[in-house]
Amino acid sequence: MKSQEFLDKVLESYPSKVMKNRKKHIIIKDSNEKQEIAANTRAIPGIITNRGCCYAGCKGVVVGPIIDMVHIVHGPVGCSYYAWNTRRNKGKIREGGKNFLEYCFTTDMQESDIVFGGEKKLAKAIDEAVELFKPNAISISATCPVGLIGDDINQIAKQAQQKHGIPVLAFNCEGYKGVSQSAGHHIANNKLMKDIVGTNDEEVIGKYKINLLGEYNIGGDEWEISRILNKVGYKVVTTMTGNSTYEEIARAHQADLNLVQCHRSINYIAEMIEIKYGAPWMKVNFIGVESMSTTLRHIAKYFGDEDLMAKTEEVIAEETEELLQEMATYKEKCEGKTAVLFVGGSRAHHYQGLLKEMGIETIVAGYEFGHRDDYEGRDIIPDIKLDADTRNIEEITVEKDEQKYNLRIPEDRLEALKKEIPLGDYAGMIKDMEDGTVLIDDLNHFETEMIIKALKPAFFGSGVKDKYMIQKMGVYSKQMHSYDYSGPYAGYRGAANFARDVVAGIFTPAWQYMKAPWKTQPILNGKVEEGVEKVC
Ligand code: CFM
């Protein structure tokens with residue numbers, strides 16, 4: 001079915017008000033036009049959205065992976081329980097250090113706390129945590145009821161900090177704030193930046209110092225990325241926040257360059273570090289063989305050292321020699337197949353290259369909670385790159401969205417432009433998709449069903465709420481959030497892991513048993529006697 005036909009069919013199924021809303025969130029890629037898509041708006045009440053909440057974005061995504069902090073959730077036990085290790089952000093204890101990732105800390109609010117307030121309970125929980133675990137720092141995350149009853153978690157944090165002499169950070173990330181987990185990312189970013197980054201000046205030793213931002217070590221991704229970066233010769237000061245410690249984050253301001261993997265969840269910190277400490281950021285992609293190699297080349301180019309560039313090529317050659325052969329075998333099996341990708345705010349974009357390397361084209365993609373810049377890009381200085389060598393630009397005027405902006409290009413940015421390094425730039429998902437493919441923001445279950453029936457993809461990369469509903473329709477679905485207990489999927493070895501898992505999933509013989517046995521044969525033995533009512 002053609003994209004337009006499919007789109008019409010989806011939209012005409014909706015009541016007119018819903019149709020008008022959803023229409024703005026769906027586009028068919030057309031490279032002849034500058035396309036816009038509605039994103040980061042409220043989900044329509046009653047529609048089954050895949051989104052999470054502000055608490056999920058703050059505690060679950062950004063704050064939670066810091067390994068040596070005790071993360072106390074102030075709220076009902078369910079909010080903690082459902083976030084307990086489900087995201088699989090892994091961490092390794094440092095020598096002499098601590099790691100509390102396996103634990104689940106909650107104040108377990110009850111009805112009486114809602115009526116009389118939960119502040120005392122929270123203070124007691126902090127005391128207990130300090131006594132039992134002696135953490136280096138504590139975070140408190142607020143859930144919905146905390147905001148509704150007005151517990152002052154900031155005051156409790158302040159008092160606890162004085163009492164115990166360790167940092168106690170309060171995050172007002174009540175679930176209902178904003179329209180998705182995206183608001184939680186922002187709240188977490190602001191506080192990490194305000195209270196942790198830049199608080200430790202003990203010198204980080206290393207020649208090429210970098211931070212990995214927006215990398216959460218899901219399934220061990222960060223370990224594979226760091227393995228390669230270390231091999232080239234970089235010093236990773238910290239990763240925010242996968243497998244990181246409080247003190248490593250405190251030294252993040254010493255890095256020379258910030259690499260941004262997930263733009264959506266951490267672009268705020270990247271911007272703030274650049275403004276406050278002067279280290280620029282570069283959008284990278286560690287997913288897929290080609291993206292990994294391109295990223296390594298961009299980083300080396302930024303530092304501009306000949307030896308580093310030579311070492312980069314050496315590592316790329318070494319890592320890809322056998323890998324490319326392995327990938328070719330997967331490609332042979334999958335060539336011509338199609339995929340749908342619907343994940344949070346970055347993976348629906350990042351995995352398209354890797355799937356392409358396997359011969360699989362992504363025909364529909366979308367984010368749960370990405371913003372317009374994650375789709376449309378944020379390259380507000382687009383044409384400068386083309387002739388940066390010939391133009392001496394320090395101040396330029398750019399027109400975007402019928403507005404004029406006067407931009408002052410910092411010197412390092414200008415230098416990077418001349419070297420064609422994409423600093424502070426992100427081209428977004430639309431640009432990388434083929435003409436005629438479909439982009440859907442905040443996909444819902446009804447649309448998921450329509451996609452499967454009309455387009456019959458071989459692979460549906462999605463997750464938490466929809467995996468099994470998709471598989472019940474006969475299409476292989478991979479959990480792109482937790483990797484279905486597999487991984488790592490980033491870097492070179494990760495690419496092979498992903499490809500192997502996807503091939504196994506698509507070609508598993510289990511699909512031939514998709515039809516429930518009672519659909520083809522009776523499940524009761526014996527005869528139904530005359531006069532007895534048939535019940536099945
Ligand atoms: Fe960034 Fe993420 Fe994602 Fe995200 Fe997430 Fe995640 Fe995700 Mo799940 S930080 S936006 S809020 S890459 S938890 S590690 S997989 S929805 S696409």
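Visitor: Where is the place of Asp108?

Guide: Asp108 sits in the loop between S3 and helix H5 (111-116). Keep in mind that this is a predicted model.

Visitor: What is the phi of Asp108?

Guide: Start with the general idea. Most residues other than glycine have a negative phi, and most peptide bonds are trans. Now the case here. Asp108 has a positive phi of about 50 degrees, although it is not a glycine. With a relative accessible area of 30%, Asp108 is partly exposed.

Visitor: Where is Glu420, and what is its phi?

Guide: Glu420 lies in the loop between helix H17 (411-418) and helix H18 (429-432). Its phi is positive, about 55 degrees, and it is not a glycine. Glu420 counts as exposed, at 53% relative accessibility.

Visitor: Which residues does a cis peptide bond join?

Guide: Met240 and Thr241 are joined by a cis peptide bond, with omega about 0 degrees. Thr241 belongs to strand S7. A cis bond also joins Gly487 and Pro488, where omega is about -5 degrees. Pro488 is in the loop between strand S16 (476-479) and helix H21 (491-507).

Visitor: On to sheets. What is the order of the strands in the open sheet of 4 strands?

Guide: The general idea comes before the case. Strands of a sheet pair through backbone hydrogen bonds, either parallel or antiparallel. In this structure the order is S3-S2-S4-S5, and the pairing is parallel. S3 and strand S5 (168-171) stand at the edges with a single partner strand each, so one side of each has no neighbour in the sheet.

Visitor: How many bridges pair S2 with strand S4?

Guide: S2 and strand S4 (residues 137-142) pair in the parallel sense over 6 bridges. Within that pairing, His71 stands opposite Ser139. Ala142 is the bridge partner of His74. On the S3 side, 2 bridges join S2 to S3, and the two run parallel. There, Ile72 stands opposite Phe105.

Visitor: Which way do the side chains of S2 point?

Guide: In a regular strand the side chains alternate between the two faces of the sheet. Read S2 that way. Met69, His71 and Val73 point one way, while Val70, Ile72 and His74 point the other way. All of these are buried.

Visitor: Why is S2 largely enclosed by the rest of the structure?

Guide: Count the buried positions. In strand S2 (residues 69-74), 6 of the 6 residues are buried, so the strand is largely enclosed.

Visitor: How many aromatic pairs does a search of the whole structure find?

Guide: The search finds 18 aromatic pairs. A pair of aromatic rings is described by the distance of the centres and the angle of the planes. Take Tyr103 and Phe133: 4.9 Å centre to centre, 70 degrees between the planes, hence edge-to-face. Tyr103 lies in the loop between helix H4 (77-81) and strand S3 (105-106), and Phe133 in helix H6 (residues 119-133), so the pair ties together parts 30 residues apart in sequence. Tyr103 is partly exposed, at 45% relative accessibility. Phe133 is also partly exposed, at 21%.

Visitor: Which arrangement do Tyr234 and Phe303 form?

Guide: Their pair is tilted, with 5.9 Å centre to centre and 40 degrees between the planes. Tyr234 is in strand S7 (residues 234-241) and Phe303 in helix H13 (residues 289-303), so this pair links parts 69 residues apart in sequence. Tyr234 is buried, with a relative accessible area of 4%.

Visitor: Which residues form one aromatic cluster?

Guide: The cluster consists of Tyr351, Phe459, Tyr476, Tyr483, Tyr489 and Phe498.

Visitor: Which residue lies over the face of Tyr216?

Guide: Arg87 does, at 4.7 Å from the ring centre. Elsewhere, Lys333 lies over the face of Phe507, at 4.8 Å from the ring centre.

Visitor: How many residues surround the ligand?

Guide: There are 14, and the closest are Arg87, His185, Cys262, Ser346 and His481. By class, the shell has 6 nonpolar, 6 polar and 2 charged residues.

Visitor: One more arginine. Is Arg22 buried or exposed?

Guide: Arg22 is buried, with a relative accessible area of 3%. Arg22 is found in helix H2 (residues 16-23). Leaving aside neighbours within four places in sequence, its contacts include Tyr14, Asp441, Asp442 and Glu447.

Technical notes: Residues numbered from 1 in each chain as written. Predicted model: local features only at pLDDT ≥ 70, side-chain atom pairs only at ≥ 80, totals over all residues. Heavy atoms only, no water. Near = heavy atom within 4 Å. Nonpolar A, V, L, I, M, F, W, Y, C, P; charged D, E, K, R; others polar. Phe/Tyr/Trp six-rings, centres within 6.5 Å; stacked < 30°, edge-to-face > 60°. Buried < 20%, exposed > 50% of the residue type's maximum accessible area, 1.4 Å probe, protein only. Lys NZ or Arg CZ within 6 Å of the ring centre and 35° of its normal. Contact = heavy atoms within 4.5 Å. Pairing = 2+ DSSP bridges.
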